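Trainee: I have a model open and would like to go through it with you. Can we take it piece by piece?
Mentor: Go ahead, and ask as you go.

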Amino acid sequence: MRIEPKMQDPEVRINNFEEVNLGYTDEEAIAEAQRCRLCGACVKGCPVGIDIPAFVNSIAKGKFRQAIDIIRQFSVLPAVCGRVCPQENQCEKECILSRKGEPINIGALERFVADKFSEKETFDIPKVGKSAGIIGSGPAGLTAAYELRKAGFDVTIYESLHAPGGVLRYGIPNFRLPDKIIDKEVDYLLSLGVKLQLNFLIGKTVYINELLEIHDGLLIATGAGLPSRLNIPGENGVGVYLANEFLTRINLMHAYEFPIYHTPIKKFSKVVVVGGGNVAMDSARVARRLGADVTIVYRREEEDMPARREERIHAKEEGINFITLANPVEIILDEYKNVKQIKLEKMKVSGKGLDGRNKIEGTLEYFTIDADAVITAIGQTPNRIIQENVKGLNFDSHGRVIVDENLKTSLNRVWAAGDIVTGAATVILAMGEAKRAAADMIKTL
Ligand code: FAD
Ligand code: SF4
C-alpha cells in the first residue's frame, strides 16, 4: 500500500505557519521505494527528465547519497519540487501502479532525500570566458543559472525583490515550502560562483541593452506576477485584496509575525477567496491561519479546480468551505466602502469544452455571502516592465514574450523561459523550459 507521510494535525496547524507535511522516516521511505517496479514509465511525465527508477531504487537499497546525486544531475531544486510539484498530473500519473490507484509517492521520496543532505555534489567548473545575465530568480532563472554555470559561464542573476526565489518565496507560504528550503537551494548555486544582484529591477534600474553590453547572452525569466482582476463593482473597496499582494505581505514581508516584522495585516473574521488554483488555496489557508472563517468560491466544479489535489484536501481538513458553480458579480460595500457581502451568480454545467473541462453558463439566479474581506485569485499575466522598455522584443497581447523553438526571442543574444513565455504555469514546467533555453545559450554562445 502507498505510504503517505505524516501531517500536522489540522486543529493544530491552523494556528501556526510550520510545515504541514512532516516527511518520511528512513524506514517509511525505504518501504515506499521498495514497491517500485523499476519499469521507468514515470520518466516521461517529468518535464526535467529525472531518472526516477534509478533514484527510487537507490532509496530502496538505503543508498540515500546516491539517490540525491542522481536527482541533482537533472534538477537543482529537488527539495522544492518534492514539495510543490503536481506529481498527480505528471510522473505519478504515468506510474504503472497508478492504474491500481497507488502510484509510488515520487514527490515524497524526492523531498526525503533532498532534505537529508545539506552538502552538495561538487564538480570542476570549466573556464569558457563567457558571461550570462539572468533576469529573475524564480525556478526558471535558478535552473538556467545552474546549467550555465556548470558549463563554465560567469552567471549573474538580477532580481527586483530583496530576496531570491520568485513565487517560491513571495507566493507559496512557509507551511508548504519553508524559506529555509529555498535558502538552502539558492546557497548551493551561490557556492558554485553564481552572482546574485537583489533589488535590481531590469527596465527601471538598468535596461536590457545596457545588460547586453556586459553579458554575452541574457535570459528573461521574469514570470507572470501581474494579477488579473474581476472587473466587477466594488472591487476597489476596503478589504479587497489581490492574492499576490495578500500572499506577498505574509510570505515575503512576514506580516503574520507583526510586530517582530514591520508589515501589518488587518485581522478579518469572514473571508471569501475567489478562484480554484494553488493561489486560491494558499490564500485561503493563510487567511484561516490568521483566524478567519474562510469560503472559497469557484465558478466551475471542484473536479475542474487546477489546484494540486493535496492542497484541496488540506484546505478542507482545515475547515475551509467550498462553494462551486458560483461566479462573483458584485462586491457589496458599506457606507465607509468596507466589504460587507459578495454577490454571486449560480452557474450550471452546459457540456464539455475542448480542453475536457466542463463548460459553464450563468443561470441569472443570485445569492450573497457575508464577508469582511475578499481575496481574488483568478490568474496572473506577465508584467510588462521589460517588454515596454526595450525595442525589438516581440510579445503577444497577454504580455508573454514570443520565442522560437529554442526559446530564443526576437532580440539578438536574448532568450526567455518560464511563466513569461507560457503564462502562469508550474514550477517544473518553468524549470524544464529554462533547461532547454540554457542548452541553446550554451550551444549558440
Ligand atoms: P517566478 O517564480 O514568477 O519568478 C520571476 C522572478 O522575476 C520574480 O522573483 C520576480 O520578482 C522577478 N522579476 C520580475 N520582473 C523583473 C524585472 N523587471 N527585473 C528583475 N527581476 C524581475 N506551481 C507548482 O508547480 N506548484 C505549486 O504548488 C504552485 N503554487 C503556487 C502558488 C502561488 C501563490 C503562485 C503565485 C504560483 C504557484 N505555482 C505553483 C506556479 C509557479 O510558482 C510558477 O509557475 C513558477 O514560479 C514560475 O517560475 P518563473 O521562474 O517563470 O517565475
Ligand atoms: Fe517505479 Fe512507478 Fe516509475 Fe515504474 S512508473 S519506475 S513503478 S515509480
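Trainee: Is R413 buried, partly exposed or exposed?
Mentor: This is a predicted model, so take every value as computed from it. R413 counts as partly exposed, because its relative accessibility is 29%.

Trainee: Where is R413 in the fold?
Mentor: R413 is in the loop that runs between strand 14 (380-381) and strand 15 (414-416).

Trainee: What is the phi of R413?
Mentor: Phi of R413 is near 65°, which is positive, and R413 is a residue other than glycine. Most residues other than glycine have a negative phi.

Trainee: What about L38, what is its phi?
Mentor: L38 has a positive phi of about 60°, and it is not a glycine either. L38 is in the loop between helix 2 and helix 3. With a relative accessibility of 43%, L38 counts as partly exposed.

Trainee: Which residues does the cis peptide bond join?
Mentor: The cis bond joins F258 and P259, with omega at about 10°. P259 is in the loop between helix 12 (243-251) and strand 7 (270-274).

Trainee: Changing topic to cysteines. How many disulfides are in the whole structure?
Mentor: A search of the whole structure finds zero. C85, for one, is in no disulfide, and the nearest cysteine sulfur, in C81, is 3.9 Å away. The cut-off for a disulfide is within 2.5 Å between the sulfur atoms.

Trainee: Is C85 buried or exposed?
Mentor: C85 is buried, with a relative accessible area of 4%.

Trainee: Now the helices. How do the axes of helix 3 and helix 4 cross?
Mentor: Helix 3 (residues 52-60) and helix 4 (residues 64-72) have axes that come within 7 Å and cross at roughly 165°. The two helices are therefore roughly antiparallel. The crossing of helix 3 past helix 4 is left-handed.

Trainee: Which residues make that contact between helix 3 and helix 4?
Mentor: From helix 3 they are A54, F55, S58 and I59, and from helix 4 they are F64, Q66, A67, I70 and I71. By type, the residues of this contact are seven nonpolar, two polar and no charged.

Trainee: How many residues of helix 3 are buried?
Mentor: Seven of its nine residues are buried, and helix 3 is mostly covered. The buried residues are I52, P53, F55, V56, S58, I59 and A60.

Trainee: What covers the buried residues of helix 3?
Mentor: The cover includes helix 2 (26-33), helix 4, helix 6 (91-94) and helix 7 (106-116).

Trainee: Helix 7, then. How many of its residues are buried?
Mentor: Nine of the eleven residues of helix 7 are buried, so helix 7 is largely enclosed by the rest of the structure. The buried residues of helix 7 include E110 and R111, along with F112 and V113.

Trainee: What covers the buried residues of helix 7?
Mentor: Included in the cover are helix 2, helix 3, helix 4, helix 5 (78-84), helix 6 and helix 10 (179-191).

Trainee: What is E147 in contact with, leaving aside its neighbours within four places in sequence?
Mentor: E147 is in contact with K435, A438 and I442.

Trainee: And D440, where does that lie?
Mentor: D440 lies in helix 16 (residues 427-444). D440 counts as buried, at 9% relative accessibility.

Trainee: Which residues is D440 in contact with, again leaving aside its neighbours within four places in sequence?
Mentor: D440 is in contact with N406 and W415. N406 is 34 residues from D440 along the chain, while their C-alpha atoms are separated by 6.2 Å.

Methods: Residues are numbered from 1 along each chain as its sequence is written. Chains are lettered from A and ligands numbered from 1 in the order in which they are written. This is a predicted model: local features need pLDDT of at least 70, side-chain atom pairs count only at pLDDT 80 or more; totals for chains, interfaces and linings use all residues. Side-chain values use heavy atoms; hydrogens and water are left out. Buried means under 20% relative accessible area, exposed over 50%, partly exposed in between (1.4 Å probe, protein chains only). Axes are lines fitted to C-alpha atoms, for helices over the stretch in contact, and angles run from 0 to 180 degrees between N-to-C directions. Helices (H or I, at least four residues) and strands (E, at least two) are DSSP runs, numbered from the N terminus. Angles under 35 degrees count as roughly parallel, over 145 as roughly antiparallel, 65 to 115 as roughly perpendicular and the rest as oblique. A crossing is left-handed if the near helix is turned anticlockwise from the far one by less than a right angle, and right-handed if clockwise. Contact means heavy atoms within 4.5 Å. Ala, Val, Leu, Ile, Met, Phe, Trp, Tyr, Cys and Pro count as nonpolar, Asp, Glu, Lys and Arg as charged, and the others, Gly among them, as polar.
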